[in-house]
Amino acid sequence: MEAKRKSAHQLAREIGNGQNTARRLTEEGLKRCKNLNASLNTFTFIAENEALEQAKRVDKMIAAGEELPLAGVPLAVKDDFCCSGLPASLGSAAFKNFVSPYSAAAVEALLEAGCVLIGKTNLDDMGMGSSTLSSPFGPSLNPWSTEYAAGSAGAAAVSSGQCLLSLESDTGGALRLGASHCGIFGLRPTPGRISRYGLSAFSSSFSQAGIAAANPEDIGVALEVLSGFDERDVSTVLCRELPQEKEKDIDPGTITIGVWDGDGDRQSSANRDLISQTGEKFRQGDFKISEISLELFQETLRAYYIVAFAEASSNLSRYDGIRFGEAAAARNLDELYEQSRRCTFGKEARRRSIFGTVLLGKDRFEPYYRQALKIRRLFQEEMARVFKQCDLLLLPVVKNLAPLIGREAGFIDQYEEDYYTAPISLAGLPALSLPAGTIENMPVGLQLVGPPLADDLILKVAAGIAEGLSIPPIAVRPGRDS
Amino acid sequence: MDYEVVIGLEVHVELKTESKLFCSCPNCFVPEPNVNTCPVCLGFPGTLPRLNREAVKLALTASLALNCRIALRSWFDRKNYFYPDIPKGYQISQFYEPIGSRGSLTIEDDLGRPKVIRIGRVHMEEDAGKLIHSPTGDASLVDYNRAGVPLVEIVTEPDLRTPGDARRYLEKLKIILQYAGVSDCKMEEGSLRCDANISLRPSGSETLGSKTELKNMNSFKAVEKSLEHEIKRQRAILKSGKEVISQTLRWEEESQKTIVMRGKLQAHDYRCFADCDLAPIELTAEEVEEARAALPEMAEARAERFVHDYKLPDYDALMLTSSRGLADYFESCLEFYNNPKNVSNWIMGELSARLNSAGIEIESCSFGPEHMAELLRMIDENLISGKIAKDVLEKAFYSGKMPRRIVEEDGLLQISDQSELEGIIEKVIKENPDSVGNYRRGKTKAIGFLVGQVMKETRGKANPKLVNELLVKKIGFK
């Protein structure tokens, strides 16, 4: 009953050489998505017509002899990316009927490479969170067990076989946590490798486009397609520094994997076990292992949230009911702002807007915002020193298993879920969440982090030990209650 | 008690770029609303700003022209506030580190003495859209054509002391920025906007009095008038022992009065912080020096050169350099026709009169330097008289035709043929025996009247010098 999972690059090759057609695959895929979506609530919108159109276009191009690296690969896109002509809810009920007039750079690139966009995936309130529990459209369920939240709907889509690639955003860790909760791979690349143009970001400093897939090779192919200079996003000038020639193979003997498990009592024994098991795998694969200690790590989650709140309060200001967001009937301008923002935002978006407004105010700017930026700089410096001792760093990604449906934690506890992921965002480093094992029959991953632009190295190293790591079942397992 | 007036000006100037500050929408005025817009300047979700380097260049030029120190590293901040004319809920501006600071501009005070006005900062920012309120008051509309247009804001220190100072500062600023090619600086069209801060304090006092902010002046004259009005108002309040309320006032052109626009001026907390969607603006010392070297010759230097190189009187040089367009026009004429004083006379006389009555700028005038040169050459060659030339200029001014063509088409060539003129002269002598008699009795002035009669007969086409000669020969003492 478990369908065999093909990798995206294999599938693209099959379509490329005529063994399969995008159209047949898309028709089957859409059927499957509609079925699974009914139980998992993965998508906010399934783009049936557009997907079939694109599949036909891809088949035609293949027939015309064109080479497409991702021909016919079914793609899910998180609903905070804009796609021309498709609805983009951005995680707000008020945007249910908003249709974007333009496409995100990353979406454009993937479609050009032959991907078939199946649908837009569910997300937390204005993209704020890593559970989908705060989504105005209800939570997305975890295919491993429907008692649990997906964490990331895109990761659930990959895990349950609704698509092979998922384009996602990662601010404080949504993509990496979701990948861990669903037992797949998720890369948050170095900021600047993938254009953010068209991603509705609540944090300009931290929100990045990333990719989730069932294996590191697929992520590599997608990164190759997505990475590059885009004049619409100034941060992508970084891509001009990328070496033209890429190393084909790596020599494990020359690579040192740093391992960090020095966070004392805060680290769960489960994480400690996973780290040591995975470290052992690296050792068996001839990689060098080195223990690393981090000093500032504990200070960084707060710094991350201060900056993220501040930016959220500003980035969300445009949803004021004048042009975007729910236009409420009001007697005057202030009332209009108040009413429409109340309708547009859920609890979490409101909370972060208010926190951010307070933190940027003149009494708190210096002691909080400026201090947070200082911690960021110091932590970046510390991480730069770490990467003189090792090439990549292995550390936990989650603090807990995927959240249980219907048992939403308090907001402070939810922020704590980003304990291992947000600091990496703060430092501006690339990180891959990779499956490492299961606890209580639920998947748990680890994070492989590198210095800026180490994305390709991370993917290659992960591929070196991926055998036996990728464990995602395609079938959906109902929760015990259902 | 006498009071000292303290004035500071905040001037917003639209930069003359092809496109907007953060997107490729054209930077030009169009009457239809919301035409020059795109997802970026409308603040669509997911869009990112992209800095227009041309705007940075112009801001750098403006800063250098105003003797500012240049920040080699500056950046954009977000100024957060809610208002419907800003699409993103924040304005992108330079708050913490302006591109230019600590500059100066020298004006003449009321007594004609030079006076240095310090310029605190020159910073870049994006313009807002325009709100249009329905006359019935039940709706407001927003036009985002102007949203994202690049501006520099130029802020003086409180160094101005009289409304005249303020006007002269603005006039000088306009000339400098026009010369530098930074902006059109047309206050009537909104490409230069000015807010004034004004307070009074007892003479000799060092502390500033409480100030008011004046807005909505749409000409230099209005700035001067509104300040005069505000000085009177504040002086009356202070004399009566009351305190001036710190507030924003709006100048009403129709009634020539200020009205309260916003209550108490409170320091609004804009929660400014660096905009991470944009990279910092990095300039090298070489780039700055290049821009400094490329600064165009400013008005004063050019006037001096005109006096020295073209032997023009000071007055002519001053008038011709009062705008860059006029000075450029003058020098272009000289490329075709090398008689500086003659060109100067005609620009300052006839051409200026035409420009004024048509209400257009020299840049958009269809009577170009080639037209002027051809016209003046025809006078020199005795092909037309000065009087006819004025008519030709007017015709060419409106039609854009070359002067020679107008002269030919309208048969205005000067009559310098002696035989043709002799018949007309005979006729005039016959018809005006009294004047002839007067002349012969020694009233030499009578000859002027007779010349005039000949000119009338020929509809101005006769060569007046030749007519004069012929008349004297005919009726002179034998």
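# Briefing on chains A and B

Helix 1 of chain B covers residues 53–65, and at 1.5 Å a residue its 13 residues should span 18 Å, which agrees with the 18 Å between its end C-alpha atoms. The expected span is 1.5 Å times one less than the number of residues in the helix. This is a predicted model, in which local features need pLDDT of at least 70 and side-chain atom pairs count only at pLDDT 80 or more, while totals for chains, interfaces and linings use all residues. Residues are numbered from 1 along each chain as its sequence is written, and chains are lettered from A and ligands numbered from 1 in the order in which they are written.

**Helix 1 of chain B**

- Helices (H or I, at least four residues) and strands (E, at least two) are DSSP runs, numbered from the N terminus.
- In helix 1 of chain B, 10 of the 13 residues are buried; a residue is buried if 20 or more other C-beta atoms, placed from the backbone, lie within 10 Å of its own, exposed if 12 or fewer, and partly exposed in between.
- Among these buried residues are B:A55, B:V56, B:L58 and B:A59.
- After helix 1 of chain B comes B:N67, with a positive phi near 60 degrees.

**Chain B as a whole**

- Chain B has 15 helices and 16 strands.
- The radius of gyration of chain B is 30 Å, whereas a compact globule of 478 residues would have one near 23 Å. This radius is taken over C-alpha atoms, and the globule rule is 2.2 Å times the number of residues to the power 0.38.
- The C-alpha trace of chain B spans about 95 × 55 × 55 Å along its principal axes.
- Buried residues make up 39% of the 478 residues of chain B.
- Chain B is assigned domain 1 (3–286), domain 2 (297–409) and domain 3 (418–475); such bounds come from an automatic or database domain assignment.
- Between the C-alpha centres of domain 1 and domain 3 of chain B lie 65 Å.

**Where chain B meets chain A**

- Contacts link 22 residues of chain B with 31 residues of chain A; two residues are in contact if their C-beta atoms, placed from the backbone, lie within 7 Å.

**Domains of chain A**

- Chain A is assigned domain 1 (8–252 + 401–466) and domain 2 (297–373).
- The C-alpha centres of domain 1 and domain 2 of chain A are 26 Å apart.
- Contacts join 25 residues of domain 1 of chain A to 23 residues of domain 2 of chain A.
- On the domain 1 side, helix 13 (411–416) and helix 14 (422–427) of chain A each give two or more residues, and helix 14 of chain A has the largest share, 4 residues.

**Strand 6 of chain A**

- Strand 6 of chain A (residues 165–170) has 6 of its 6 residues buried.
- A:L165, A:L167 and A:S169 point one way, and A:S166, A:E168 and A:D170 the other way.
- Strand 6 of chain A pairs with strand 2 (residues 74–78) of chain A in the parallel sense over 3 bridges; strands pair if DSSP finds at least two bridges between them. A:L75 stands opposite A:L165.
- Strand 6 of chain A also pairs with strand 8 (residues 208–213) of chain A, in the antiparallel sense over 6 bridges. Here A:A209 is the bridge partner of A:S169.
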